[in-house]
Amino acid sequence: MKKIQMVDLKGQYQGIKDVVNPSIQEVIETTSFINGPKVHEFQKNLENYLNVKHVIPCANGTDALQIAMMGLGLKPGDEVITADFTFAATVEVIALLNLTPVLVDVNEDDFNINIDAVKRAITPKTKAIVPVHLFGQCANMDAIMEIAKEHNLFVIEDTAQAIGANYTHKDGTKTKIGTIGDVGATSFFPSKNLGCYGDGGAIFTNNDELAHTIRGIVNHGMYVRYHHDVVGVNSRLDSIQAAVLDAKLPNLDTYNKRRREAADKYDKSFKGVSGIETPYRYGAEDNHVFHQYTLKVKGVDRDALAKHLNENGIPCGVYYPIPLHKQKAYVDERYNEEAFIVTNQLVKEVISLPMHTELEDDQIEFITSTVIKFVNE
Ligand SMILES: *Cc1c(COP(=O)(O)O)cnc(C)c1O
(Lines give C-alpha, C1' and ligand atoms only; values in the text may rest on other atoms or scores of the structure.)
Protein backbone atom coordinates (compact mmCIF):
# COMPACT_ATOMS: atom_id res chain seq x y z
CA MET A 1 0.00 0.00 0.00
CA LYS A 2 1.23 3.46 -0.88
CA LYS A 3 1.75 5.95 1.93
CA ILE A 4 -1.60 7.64 2.69
CA GLN A 5 -1.78 11.39 2.25
CA MET A 6 -4.49 13.85 3.22
CA VAL A 7 -4.18 15.34 -0.28
CA ASP A 8 -2.02 13.71 -2.97
CA LEU A 9 -0.91 16.56 -5.22
CA LYS A 10 2.14 14.68 -6.43
CA GLY A 11 0.14 11.70 -7.62
CA GLN A 12 -2.27 13.99 -9.42
CA TYR A 13 0.60 15.88 -11.05
CA GLN A 14 2.03 12.63 -12.49
CA GLY A 15 -1.17 12.23 -14.49
CA ILE A 16 -1.15 15.71 -16.04
CA LYS A 17 2.57 16.45 -16.23
CA ASP A 18 2.64 16.22 -20.03
CA VAL A 19 0.05 18.99 -20.31
CA VAL A 20 1.05 21.17 -17.37
CA ASN A 21 4.79 21.34 -18.03
CA PRO A 22 4.68 22.72 -21.60
CA SER A 23 1.97 25.14 -20.55
CA ILE A 24 4.15 26.57 -17.76
CA GLN A 25 7.17 26.53 -20.07
CA GLU A 26 5.27 28.59 -22.63
CA VAL A 27 4.62 31.33 -20.08
CA ILE A 28 8.30 31.40 -19.17
CA GLU A 29 9.43 31.50 -22.81
CA THR A 30 7.04 34.34 -23.65
CA THR A 31 7.74 36.14 -20.34
CA SER A 32 4.13 37.29 -20.17
CA PHE A 33 4.01 36.68 -16.45
CA ILE A 34 1.27 39.16 -15.56
CA ASN A 35 -2.07 39.29 -17.36
CA GLY A 36 -0.69 37.17 -20.18
CA PRO A 37 -2.81 35.32 -22.74
CA LYS A 38 -2.99 32.27 -20.43
CA VAL A 39 -4.97 34.26 -17.89
CA HIS A 40 -7.46 35.31 -20.52
CA GLU A 41 -7.74 31.78 -21.96
CA PHE A 42 -8.38 30.31 -18.54
CA GLN A 43 -10.93 33.00 -17.76
CA LYS A 44 -12.87 32.21 -20.97
CA ASN A 45 -12.68 28.47 -20.41
CA LEU A 46 -13.91 28.81 -16.83
CA GLU A 47 -16.77 31.08 -17.96
CA ASN A 48 -17.82 28.36 -20.42
CA TYR A 49 -17.48 25.60 -17.86
CA LEU A 50 -19.52 27.45 -15.24
CA ASN A 51 -21.94 28.89 -17.79
CA VAL A 52 -21.47 32.32 -16.23
CA LYS A 53 -21.04 35.63 -18.05
CA HIS A 54 -18.01 36.89 -16.15
CA VAL A 55 -15.05 35.32 -14.39
CA ILE A 56 -12.59 37.79 -12.88
CA PRO A 57 -9.38 36.03 -11.82
CA CYS A 58 -7.58 37.34 -8.72
CA ALA A 59 -4.78 36.48 -6.33
CA ASN A 60 -6.56 34.17 -3.86
CA GLY A 61 -9.93 33.18 -2.45
CA THR A 62 -9.80 35.60 0.46
CA ASP A 63 -9.24 38.49 -1.95
CA ALA A 64 -12.09 37.18 -4.10
CA LEU A 65 -14.48 37.49 -1.16
CA GLN A 66 -13.19 40.91 -0.18
CA ILE A 67 -13.33 42.29 -3.72
CA ALA A 68 -16.85 40.91 -4.20
CA MET A 69 -17.96 42.85 -1.13
CA MET A 70 -16.15 45.99 -2.30
CA GLY A 71 -17.74 45.64 -5.74
CA LEU A 72 -21.21 45.48 -4.24
CA GLY A 73 -20.53 48.79 -2.50
CA LEU A 74 -21.05 47.48 1.03
CA LYS A 75 -20.35 50.22 3.58
CA PRO A 76 -19.06 50.27 7.18
CA GLY A 77 -21.87 49.33 9.53
CA ASP A 78 -23.69 47.16 6.98
CA GLU A 79 -24.48 43.79 8.49
CA VAL A 80 -23.36 40.67 6.64
CA ILE A 81 -24.71 37.30 7.73
CA THR A 82 -22.51 34.22 7.45
CA ALA A 83 -21.99 30.80 9.00
CA ASP A 84 -20.32 30.29 12.38
CA PHE A 85 -18.83 27.02 11.09
CA THR A 86 -16.45 27.87 8.25
CA PHE A 87 -12.86 28.84 7.52
CA ALA A 88 -11.98 32.23 9.04
CA ALA A 89 -11.40 33.92 5.66
CA THR A 90 -15.14 34.30 5.19
CA VAL A 91 -15.63 36.43 8.30
CA GLU A 92 -12.18 38.03 8.14
CA VAL A 93 -12.90 40.07 5.02
CA ILE A 94 -16.24 41.26 6.42
CA ALA A 95 -14.45 42.59 9.51
CA LEU A 96 -11.56 43.99 7.47
CA LEU A 97 -13.94 46.17 5.44
CA ASN A 98 -15.48 47.46 8.68
CA LEU A 99 -18.73 45.72 7.85
CA THR A 100 -20.46 44.03 10.76
CA PRO A 101 -20.19 40.24 10.69
CA VAL A 102 -23.30 38.47 11.96
CA LEU A 103 -22.47 34.83 12.58
CA VAL A 104 -25.30 32.32 12.63
CA ASP A 105 -25.61 28.62 13.39
CA VAL A 106 -25.47 25.83 10.81
CA ASN A 107 -27.46 22.65 10.10
CA GLU A 108 -26.60 19.53 12.04
CA ASP A 109 -26.88 17.37 8.91
CA ASP A 110 -25.10 19.15 6.05
CA PHE A 111 -22.97 21.65 8.07
CA ASN A 112 -24.29 24.58 6.00
CA ILE A 113 -25.87 27.87 7.06
CA ASN A 114 -29.22 27.40 8.82
CA ILE A 115 -32.08 29.11 7.03
CA ASP A 116 -34.16 29.85 10.15
CA ALA A 117 -31.09 31.31 11.85
CA VAL A 118 -30.52 33.56 8.84
CA LYS A 119 -34.13 34.75 9.02
CA ARG A 120 -33.82 35.51 12.74
CA ALA A 121 -30.60 37.47 12.19
CA ILE A 122 -32.03 39.91 9.64
CA THR A 123 -32.29 43.54 10.82
CA PRO A 124 -32.84 46.80 8.92
CA LYS A 125 -29.03 47.04 8.63
CA THR A 126 -28.59 43.65 6.96
CA LYS A 127 -27.17 44.01 3.46
CA ALA A 128 -25.82 40.62 2.46
CA ILE A 129 -25.75 36.89 3.13
CA VAL A 130 -22.62 34.81 2.55
CA PRO A 131 -23.47 31.12 2.27
CA VAL A 132 -20.42 28.83 2.33
CA HIS A 133 -20.76 25.55 0.43
CA LEU A 134 -18.85 23.76 3.12
CA PHE A 135 -16.77 20.65 2.40
CA GLY A 136 -18.13 20.65 -1.17
CA GLN A 137 -21.83 20.41 -0.36
CA CYS A 138 -24.10 23.06 -1.86
CA ALA A 139 -26.01 25.16 0.66
CA ASN A 140 -29.77 25.51 0.24
CA MET A 141 -29.59 28.21 -2.43
CA ASP A 142 -33.29 28.22 -3.33
CA ALA A 143 -34.19 29.20 0.23
CA ILE A 144 -31.32 31.70 0.50
CA MET A 145 -32.25 33.43 -2.76
CA GLU A 146 -35.87 33.62 -1.62
CA ILE A 147 -34.94 35.34 1.66
CA ALA A 148 -32.54 37.65 -0.18
CA LYS A 149 -35.23 38.68 -2.62
CA GLU A 150 -37.78 39.28 0.12
CA HIS A 151 -35.38 41.48 2.15
CA ASN A 152 -33.47 43.01 -0.75
CA LEU A 153 -30.11 41.50 0.25
CA PHE A 154 -27.04 40.61 -1.80
CA VAL A 155 -25.88 37.01 -1.89
CA ILE A 156 -22.14 36.32 -2.05
CA GLU A 157 -21.39 32.63 -2.45
CA ASP A 158 -18.19 31.33 -0.87
CA THR A 159 -17.45 28.56 -3.37
CA ALA A 160 -13.86 27.92 -2.27
CA GLN A 161 -14.66 24.30 -1.36
CA ALA A 162 -17.28 23.44 -3.96
CA ILE A 163 -16.16 24.41 -7.44
CA GLY A 164 -17.79 22.16 -10.04
CA ALA A 165 -20.75 21.17 -7.89
CA ASN A 166 -24.14 21.31 -9.59
CA TYR A 167 -26.92 22.80 -7.53
CA THR A 168 -30.29 21.20 -8.28
CA HIS A 169 -33.14 23.69 -7.92
CA LYS A 170 -36.63 22.83 -6.66
CA ASP A 171 -37.84 22.59 -10.25
CA GLY A 172 -35.11 20.06 -11.11
CA THR A 173 -32.91 22.39 -13.19
CA LYS A 174 -29.21 22.55 -12.39
CA THR A 175 -26.86 25.51 -12.02
CA LYS A 176 -23.14 25.44 -11.27
CA ILE A 177 -22.60 26.49 -7.70
CA GLY A 178 -21.11 29.96 -7.28
CA THR A 179 -23.20 31.41 -10.12
CA ILE A 180 -26.58 31.60 -8.38
CA GLY A 181 -26.06 34.56 -6.03
CA ASP A 182 -25.13 38.09 -7.11
CA VAL A 183 -21.52 37.05 -7.00
CA GLY A 184 -19.43 33.96 -6.28
CA ALA A 185 -15.90 33.77 -4.90
CA THR A 186 -13.55 30.82 -5.18
CA SER A 187 -10.01 29.81 -4.28
CA PHE A 188 -7.43 27.88 -6.31
CA PHE A 189 -5.28 27.09 -3.27
CA PRO A 190 -3.36 23.89 -4.18
CA SER A 191 -5.52 21.55 -2.10
CA LYS A 192 -8.86 22.89 -3.34
CA ASN A 193 -10.84 20.82 -5.87
CA LEU A 194 -9.36 22.95 -8.68
CA GLY A 195 -6.00 23.97 -7.29
CA CYS A 196 -3.00 25.69 -8.84
CA TYR A 197 0.67 25.49 -7.77
CA GLY A 198 0.57 28.54 -5.54
CA ASP A 199 -2.17 31.01 -4.66
CA GLY A 200 -5.05 31.91 -6.92
CA GLY A 201 -8.72 32.85 -6.86
CA ALA A 202 -11.62 34.10 -8.94
CA ILE A 203 -14.88 35.99 -8.76
CA PHE A 204 -17.97 35.01 -10.80
CA THR A 205 -20.98 37.09 -11.75
CA ASN A 206 -23.68 37.36 -14.39
CA ASN A 207 -24.05 41.10 -13.73
CA ASP A 208 -22.25 43.16 -16.42
CA GLU A 209 -22.03 46.33 -14.36
CA LEU A 210 -20.73 44.54 -11.28
CA ALA A 211 -18.16 42.69 -13.42
CA HIS A 212 -16.91 45.99 -14.79
CA THR A 213 -16.64 47.50 -11.30
CA ILE A 214 -14.76 44.44 -10.03
CA ARG A 215 -12.32 44.39 -13.00
CA GLY A 216 -11.30 47.89 -11.97
CA ILE A 217 -11.06 47.09 -8.27
CA VAL A 218 -8.64 44.18 -8.80
CA ASN A 219 -6.41 46.56 -10.74
CA HIS A 220 -5.95 49.54 -8.38
CA GLY A 221 -9.35 50.99 -9.20
CA MET A 222 -8.23 51.71 -12.78
CA TYR A 223 -10.68 51.62 -15.68
CA VAL A 224 -8.48 53.80 -17.90
CA ARG A 225 -4.72 53.48 -17.49
CA TYR A 226 -3.46 55.71 -14.65
CA HIS A 227 -6.95 57.02 -13.92
CA HIS A 228 -7.98 55.74 -10.50
CA ASP A 229 -11.75 56.10 -10.11
CA VAL A 230 -12.24 54.02 -6.99
CA VAL A 231 -10.01 52.69 -4.24
CA GLY A 232 -8.87 49.32 -5.48
CA VAL A 233 -6.38 46.60 -4.63
CA ASN A 234 -3.67 44.72 -6.45
CA SER A 235 -5.00 41.21 -6.85
CA ARG A 236 -3.93 39.25 -9.92
CA LEU A 237 -3.76 35.63 -10.94
CA ASP A 238 -0.21 34.92 -12.19
CA SER A 239 0.02 33.68 -15.78
CA ILE A 240 1.92 30.61 -14.59
CA GLN A 241 -0.93 29.73 -12.21
CA ALA A 242 -3.45 30.33 -14.99
CA ALA A 243 -1.47 27.92 -17.18
CA VAL A 244 -1.70 25.24 -14.49
CA LEU A 245 -5.41 25.86 -13.95
CA ASP A 246 -6.19 25.84 -17.66
CA ALA A 247 -4.43 22.50 -17.98
CA LYS A 248 -6.38 21.09 -15.01
CA LEU A 249 -9.84 22.51 -15.77
CA PRO A 250 -10.76 19.83 -18.36
CA ASN A 251 -10.19 17.24 -15.60
CA LEU A 252 -12.31 18.94 -12.94
CA ASP A 253 -15.42 16.83 -13.49
CA THR A 254 -13.36 13.65 -13.45
CA TYR A 255 -11.56 14.80 -10.30
CA ASN A 256 -14.85 15.54 -8.56
CA LYS A 257 -16.21 12.19 -9.71
CA ARG A 258 -13.19 10.41 -8.23
CA ARG A 259 -13.75 12.23 -4.94
CA ARG A 260 -17.39 11.09 -4.95
CA GLU A 261 -16.36 7.53 -5.71
CA ALA A 262 -13.97 7.57 -2.76
CA ALA A 263 -16.79 9.02 -0.60
CA ASP A 264 -19.12 6.23 -1.75
CA LYS A 265 -16.58 3.61 -0.70
CA TYR A 266 -16.12 5.26 2.70
CA ASP A 267 -19.91 5.44 3.13
CA LYS A 268 -20.33 1.77 2.28
CA SER A 269 -17.71 0.64 4.79
CA PHE A 270 -19.09 2.79 7.59
CA LYS A 271 -22.69 1.79 6.99
CA GLY A 272 -24.36 0.57 10.18
CA VAL A 273 -21.33 1.24 12.39
CA SER A 274 -22.70 2.78 15.56
CA GLY A 275 -20.97 5.95 16.71
CA ILE A 276 -20.15 7.03 13.15
CA GLU A 277 -22.28 9.33 11.03
CA THR A 278 -21.24 9.62 7.40
CA PRO A 279 -21.66 12.92 5.53
CA TYR A 280 -25.26 13.79 4.77
CA ARG A 281 -26.07 14.35 1.11
CA TYR A 282 -29.18 15.89 -0.21
CA GLY A 283 -30.55 16.03 -3.72
CA ALA A 284 -28.71 14.77 -6.76
CA GLU A 285 -25.32 13.21 -6.21
CA ASP A 286 -23.44 16.00 -8.06
CA ASN A 287 -24.60 18.46 -5.36
CA HIS A 288 -21.56 17.32 -3.38
CA VAL A 289 -17.96 17.44 -4.63
CA PHE A 290 -16.35 16.25 -1.38
CA HIS A 291 -13.67 18.80 -0.81
CA GLN A 292 -13.58 17.05 2.54
CA TYR A 293 -15.02 13.74 3.69
CA THR A 294 -16.12 14.63 7.19
CA LEU A 295 -17.51 12.17 9.71
CA LYS A 296 -19.33 12.99 12.90
CA VAL A 297 -18.43 10.68 15.76
CA LYS A 298 -20.92 10.19 18.59
CA GLY A 299 -19.93 8.81 21.97
CA VAL A 300 -16.36 8.43 20.71
CA ASP A 301 -13.37 10.51 21.83
CA ARG A 302 -12.71 12.35 18.58
CA ASP A 303 -9.26 13.61 19.56
CA ALA A 304 -8.18 10.13 20.67
CA LEU A 305 -9.40 8.77 17.32
CA ALA A 306 -7.38 11.42 15.45
CA LYS A 307 -4.28 10.53 17.46
CA HIS A 308 -4.82 6.81 16.84
CA LEU A 309 -5.15 7.39 13.08
CA ASN A 310 -1.99 9.48 12.99
CA GLU A 311 -0.11 6.79 14.90
CA ASN A 312 -1.18 4.33 12.22
CA GLY A 313 0.07 6.49 9.36
CA ILE A 314 -3.34 7.90 8.51
CA PRO A 315 -3.46 11.69 8.29
CA CYS A 316 -6.74 13.34 9.25
CA GLY A 317 -7.99 16.82 10.02
CA VAL A 318 -10.41 18.64 12.29
CA TYR A 319 -12.19 21.31 10.27
CA TYR A 320 -12.94 23.33 12.28
CA PRO A 321 -12.03 22.94 15.95
CA ILE A 322 -13.30 26.32 17.21
CA PRO A 323 -16.52 28.11 16.21
CA LEU A 324 -15.83 31.52 14.71
CA HIS A 325 -17.91 33.30 17.34
CA LYS A 326 -15.46 32.01 19.98
CA GLN A 327 -12.34 33.13 18.09
CA LYS A 328 -10.68 36.06 19.88
CA ALA A 329 -10.78 38.23 16.77
CA TYR A 330 -14.52 37.78 16.33
CA VAL A 331 -16.05 37.56 19.80
CA ASP A 332 -18.93 39.96 20.18
CA GLU A 333 -21.12 40.63 23.18
CA ARG A 334 -24.22 40.38 20.98
CA TYR A 335 -23.68 36.64 20.57
CA ASN A 336 -25.33 34.25 22.93
CA GLU A 337 -24.34 30.59 23.21
CA GLU A 338 -27.95 29.42 22.83
CA ALA A 339 -27.75 30.59 19.25
CA PHE A 340 -24.83 28.30 18.39
CA ILE A 341 -25.91 24.95 19.77
CA VAL A 342 -25.14 23.04 16.57
CA THR A 343 -21.73 24.56 15.83
CA ASN A 344 -20.69 24.16 19.46
CA GLN A 345 -21.49 20.45 19.16
CA LEU A 346 -19.99 19.91 15.68
CA VAL A 347 -16.57 21.22 16.65
CA LYS A 348 -16.33 18.30 19.10
CA GLU A 349 -17.56 15.62 16.70
CA VAL A 350 -16.13 16.28 13.25
CA ILE A 351 -13.15 14.52 11.76
CA SER A 352 -12.12 14.65 8.11
CA LEU A 353 -10.47 11.65 6.49
CA PRO A 354 -8.00 11.67 3.58
CA MET A 355 -9.81 12.86 0.45
CA HIS A 356 -8.28 13.45 -2.97
CA THR A 357 -8.33 12.26 -6.55
CA GLU A 358 -5.75 9.48 -6.17
CA LEU A 359 -7.10 7.44 -3.23
CA GLU A 360 -6.73 3.71 -3.81
CA ASP A 361 -9.02 0.92 -2.65
CA ASP A 362 -6.47 -0.67 -0.32
CA GLN A 363 -5.88 2.72 1.32
CA ILE A 364 -9.61 3.31 1.86
CA GLU A 365 -9.92 -0.22 3.21
CA PHE A 366 -7.08 0.37 5.68
CA ILE A 367 -8.47 3.76 6.77
CA THR A 368 -12.02 2.51 7.33
CA SER A 369 -11.00 -0.67 9.13
CA THR A 370 -8.68 1.31 11.41
CA VAL A 371 -11.47 3.78 12.26
CA ILE A 372 -14.04 1.03 12.82
CA LYS A 373 -11.72 -1.02 15.03
CA PHE A 374 -11.07 2.03 17.22
CA VAL A 375 -14.74 2.94 17.48
CA ASN A 376 -15.75 -0.62 18.38
CA GLU A 377 -13.14 -1.01 21.12
C1 LIG B 1 -9.78 28.21 1.26
C2 LIG B 1 -10.96 28.99 1.65
C3 LIG B 1 -11.00 30.39 1.53
C4 LIG B 1 -9.79 31.23 1.23
O5 LIG B 1 -9.10 30.94 0.09
P6 LIG B 1 -7.55 31.38 -0.04
O7 LIG B 1 -7.26 31.16 -1.48
O8 LIG B 1 -6.77 30.48 0.85
O9 LIG B 1 -7.45 32.79 0.34
C10 LIG B 1 -12.18 31.04 1.83
N11 LIG B 1 -13.26 30.37 2.24
C12 LIG B 1 -13.26 29.03 2.39
C13 LIG B 1 -14.51 28.34 2.85
C14 LIG B 1 -12.11 28.30 2.12
O15 LIG B 1 -12.12 26.98 2.29
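A pocket is taken here, on a 1 Å grid over the protein atoms alone, as an open set of points where a 1.4 Å probe fits, with protein on both sides within 12 Å along at least five of seven lines, and its lining residues have an atom within 4 Å of a point. The structure is a predicted model, in which local features need pLDDT of at least 70 and side-chain atom pairs count only at pLDDT 80 or more, whereas totals for chains, interfaces and linings use all residues. Residues are numbered from 1 along each chain as its sequence is written, and side-chain values use heavy atoms, with hydrogens and water left out.

The ligand sits in the largest pocket, a placement that requires more than half of its atoms to lie within 2 Å of the grid points. This pocket holds about 490 Å³ of space, the volume being that filled by probe spheres set on grid points joined across faces, edges and corners. Its lining comprises 29 residues, of which Phe87, Gln161, Ser187, Phe189 and Lys192 lie nearest the centre. By class, 13 of the lining residues are nonpolar, twelve polar and four charged, where Ala, Val, Leu, Ile, Met, Phe, Trp, Tyr, Cys and Pro count as nonpolar, Asp, Glu, Lys and Arg as charged, and the others, Gly among them, as polar. Helix 3, helix 4 and strand 8 (183-187) each supply at least two lining residues; helices (H or I, at least four residues) and strands (E, at least two) are DSSP runs numbered from the N terminus.

Among the polar contacts (pairs of N or O atoms within 3.5 Å), a ligand oxygen atom lies 2.8 Å from a backbone N or O atom of Gly61, while side-chain N or O atoms are found 2.7 Å from a ligand oxygen atom for Ser187 and 3.0 Å for Lys192. Of the 380 Å² of accessible area that the ligand has on its own, the protein covers 91%, as computed by the Shrake-Rupley method with a 1.4 Å probe.

Methods: A polar contact is a pair of N or O atoms within 3.5 Å; within protein, one must be able to donate a hydrogen and the other to accept it, and residues adjacent in sequence count only if both atoms are side-chain atoms.
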